[in-house]
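Subject: Structure handover

Hello,

Here is the structure for you to look over. My notes on what turned up follow below it.

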Amino acid sequence: MIRPEDGLHAALVRRGMTRRAFLKFSAAMTAALALPATYAPRVAAAVQSAPRLPLIWLRGQACGGETEAFLAAAEPSVTELLLDLLSVDYHESLMASSGAAATAELTAVTDRYPDGYIAVIEGSVPTAEGGMACTVGGRPFRDVVGEVSAGAVATIAVGACAFDGGTQAAGGGQTGAAGAANIIGGDRLVTLPGCPVNVENLAATIVHFLTFRELPARDGRGRPLFAYGGLIHNQCERRAHFEFGEFVLAWGDEAAQKGWCLYKMGCKGPETFANCPTVQYASRTSWAVKAGHGCIGCAMPGFWDAIGPAYQRLPAPLPFAPNVSADQIGLALVGGVAAVTATHGAVTYGRELRNRFVGRRRGANVALADGGPAVAVTEMPAAAEEPAPVEMAPVETAPVEPAPVEPEGVGPTEAAADGQSIPGSVRAAEIVEPEPAPALPMNVPEPSADGDDGRRPGDPSPGEETRP
Amino acid sequence: MTRLVIDPVTRVGGPLRVEVDVRDGVVADAWTSATMFRGLERALIGRDPRDAWLLAQRICGTCNGVHALASVRAVEQALGIAIPGNARLIRNLLAGSQLVTGHAAGFYLRHAPDWADLGAAPGGDPGASLALARSISDAPTLTVGYLARIRDRLAALIEAGQPGPFGPAQPDDPAYRLSPAADLLFAAHYLQALDWRRSMTRFQTYLGGKSPHPQTFLVGGMALVTPWGGPARATGGEHPRRPDTSAPAAFSERGQATLSSLVAGARDFVDHVYLPDVLYLADAYRDSVSTGVGLGNLLAFGDFPEDDSIVPRLLLPRGRVMDRDLSRVDSVDQSGVAECVGHAHYAEDAGLRPAADGATNPRYQGPPPPVTSLDGAARYSWSKAPRYFDDPMEVGPAARMAVAHAAGGPAGAVVDRVLGNLGLETTALFSTLGRIVARAIEAKLLVDRLDGWLGELMTNLGSGDLALADISDWDQARWPGETAGWSLGESAGGAVGHWLRISDRRIVAYQVVDGSTWNLSPRDGRGRRGALEEALVGTPVQNPASPLEVLRVIRSFDPCPACAVQ
């Protein structure tokens, strides 16, 4: 029924795409997944031969924004997704049939695909009052989600609402709205929070599945580390202004025209884990901070209530890291030595977090490179050793005092404390000082031959790492 | 009498159920039920009014940005803030490009499968399709080779039993009337629409930071980075390494060029693909002007202010037309809006005026699941029933175009021209087909205006007028203790109103009535049908197992249950 020759590469060739262009695409996907560049051929090989993946898209309490984002997919494009990569058998916003005929497609799907399919869930699931705040075909959405995800090889919860209830849970909500994880849970769930999801991350998750027949490494709440393993603040193109104490103080002021840091206008980038600055939106056209408005933290749990007022400078206690007081990060900002110190405190805190998560990913990647069992390693072996953190917050490791500047040599120590063994020294390039050139850490780094795939200073290097 | 239940109604903006009673092959009665409630109005209470637009815009991600705009306008009205002209232009560009994209791409994604049998497209001859395209469009964008590839691809998908969206809405339904060549043409344009739509996402992202849910609005204006208006070189007191060049995105030279070319691409798509296809369809299904006629009471709040006065001229004018009488347009008074909840799942019984005693207290009172049939005499929808001075109203593109025509002016001229080409009267707007044509007319009207707004904006910025926001009232300390505001505007679905009250710098009441709330309205306290319910009555149903005609009427409204029920 599904033929290998229907794969993406065949389709792209039919459209006149060159081998070179295809490899470039594979490299871009590899970079999006934060895999070392050496994986590009593997991604290319997998995507070339992949049969169309059956996909069932369910929409619950949602605004339709995730669908809108999906329909704007660029790499691969939505037409390639629909024609070549995926078989979107059920999607209420797209499908031809309606009513009983549509419902029949849903009930037949388990029979049609005994080997499973991908289920995508958009929107939250109401649980109060029997779930009657959202029904499809006369049945509570909750029941539909349960049935469809039971037969799925993987379920992807897209957007903030499917992550933890999102907008419907703001201020407590009136419908008992829950995320998909509250309904189905389990290790076959990927969550892609954000309002809406960045479709590049959805596409990358699908490509990862096609490549490795496994879901990408995730944190304890199902968020792929390639997308949610880094702070926005650390990847932000305006980061240098933060370092120099150059802040927008009023909308439209000179600093705003110059594109200075929006921290004091309430930007939640210092507290939000997502890859918006590197991946951006719509073929890297822009993202909120680049356009001129602060981040609102929409990829974080319960962000409508946790962030407080959108324009209030990050308060104490920090919304997503209750154990760190705001000023230890925020105080950076006035200038002078104290500021530099505090800034590096913030950097160290971010770096430690990344070590915790990225280090595990490295472990997974190295195992893969060795031809190890993909299934075992991509399931985050480290997660089995200790309870995965529920929040990506520096609960234990964040320095509560501004840390002294210690750009070098911290990798092994921290990594060892984290259960990782990293022989060798940290490379000289991995210093925390901003580059002297005005170039900012703004784009997804092109994977280069030395395996530099955009790691932050202090990250363990995959080449220098052994399996734990 | 046969009761037909359609649930879910697909290709609309949220969970929707429609039930119709069919007697002697004609719909005798109809009930529309929005089957989702989220509680966003309540979630807004207690928040900082400057944050409201962020949450309010999550009402809809399909008509995205519309509720952000409605929300900031309501707060600005409450606080007495007048935005700079540049902000007005950017808002018009965001909302206008969104409307054009939504209408044109939506025609293929949501409407075309009801009129063209995409499942029959593999039977079309690419040469004949191209000949057809040339006969209806000045500059068709297809080649025989492309059409042949699409045909083969769709044939393979259908053969594999995985057509995805390209299956027939109702296989072999006699209500399909186009030739296989035309079916193939529509299938190819469907794919082109997807690609073009993706390019328009870049336009939205330049000006909004992302799409959907643009993030550059502010109470008082917009938060975009303008070109740096100061000296080009660092002066003594400045840090020598300020990387100004990284700042501008939308308004850099490259950004301006991209925006212009995207507008040109949009005009090409509307002129050479969308509009010709709609006119071809209208010709082929000319008799559909007699179905889905509906209420005949039309309401447009109007939108796209063309100047910065307190009561600006609107590109799409505001007005009300009663009983299909296009010789007369009444002015609109927001205080005439009230929502009945007698047939909706809320605690109250009486009509609620959003400006005064509006409330949203959900209480499901329908049958337990699985719901097999609705009781039309009881409460049966999550949608409230808005009424304007007690009358049910139809809103949306047809209403806007009818009001524009009745009010005269440049918008009315476009309406006349397109309908004249089709040989249709203006009253043909009140029909299944009329709504689809009205959408195309509106897209044409707006796509031709985008260039003007963009040019005006770039001229202003180029001449040093960099003001994008009036922040003199940004500080909450300057606000009155108690105030209230409202805004009237238009979404793709129709007239949108936001009403809020602010007390002690916090929102204490927030009510939204969207265009789809009007159109998906259930019955009111006096048992009168909503706009879609009324339009469904009288629709012929050839085959009850395949109620394609009913679905065409439903989708002609482009209903958005997510907007209708917040």
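How many residue pairs are in polar contact between chain A and chain B, with both at pLDDT 80 or more? The count is 39. Keep in mind that this is a predicted model.

**The interface**

On the side of chain A that touches chain B, 47 residues are nonpolar, 29 are polar and 18 are charged. Chain A puts 94 residues into the contact, and chain B puts in 95. About 8000 Å² is buried between the two chains. Carbon and sulfur atoms give 58% of that area. Three salt bridges run between chain A and chain B. One of them pairs the side chains of A:Asp84 and B:Arg153, at 3.0 Å from N to O.

**Salt bridges overall**

Over all chains, the structure holds 52 salt bridges.

Take chain A to begin with. The side chains of A:Glu243 and A:Arg239 form a salt bridge, 2.7 Å from N to O. Both residues sit in helix α13 of chain A, which covers residues 239-243. They are four residues apart, about one turn of the helix. Is A:Arg239 buried or exposed? It counts as buried, because its relative accessibility is 8% and the cut-off is under 20%.

Now chain B. B:Arg529 and B:Asp29 meet through their side chains in a salt bridge of 2.9 Å, N to O. This pair links distant parts of the chain, 500 residues apart. B:Arg529 lies in the loop between α12 (515-519) and α13 (531-536), while B:Asp29 lies in strand β3 (residues 26-34). B:Arg529 has 22% relative accessibility, so it counts as partly exposed. B:Asp29 has a relative accessible area of 17%, so it is buried.

The other chain B pair is B:Asp448 with B:Lys444. Their side chains also meet in a salt bridge, 2.9 Å from N to O. Why are they separated by about one helical turn? Because they are four residues apart in helix α11 of chain B (residues 432-462). B:Asp448 is partly exposed, at 36% relative accessibility. B:Lys444 is buried, at 11%.

Last, the network. Salt bridges link B:Arg387, B:Asp390, B:Asp391, B:Asp524, B:Arg526 and B:Arg528.

Best regards

Methods
Residues numbered from 1 in each chain as written. Chains lettered and ligands numbered in written order. Predicted model: local features only at pLDDT ≥ 70, side-chain atom pairs only at ≥ 80, totals over all residues. Heavy atoms only, no water. Salt bridge = Lys/Arg side-chain N within 4 Å of Asp/Glu carboxyl O. Helix = DSSP H or I, 4+ residues; strand = E, 2+ residues; numbered from the N terminus. Buried < 20%, exposed > 50% of the residue type's maximum accessible area, 1.4 Å probe, protein only. Contact = heavy atoms within 4.5 Å. Buried area = accessible area lost by both parts, 1.4 Å probe. Polar contact = N/O pair within 3.5 Å; in protein donor to acceptor, adjacent residues only side chain to side chain. Nonpolar A, V, L, I, M, F, W, Y, C, P; charged D, E, K, R; others polar.
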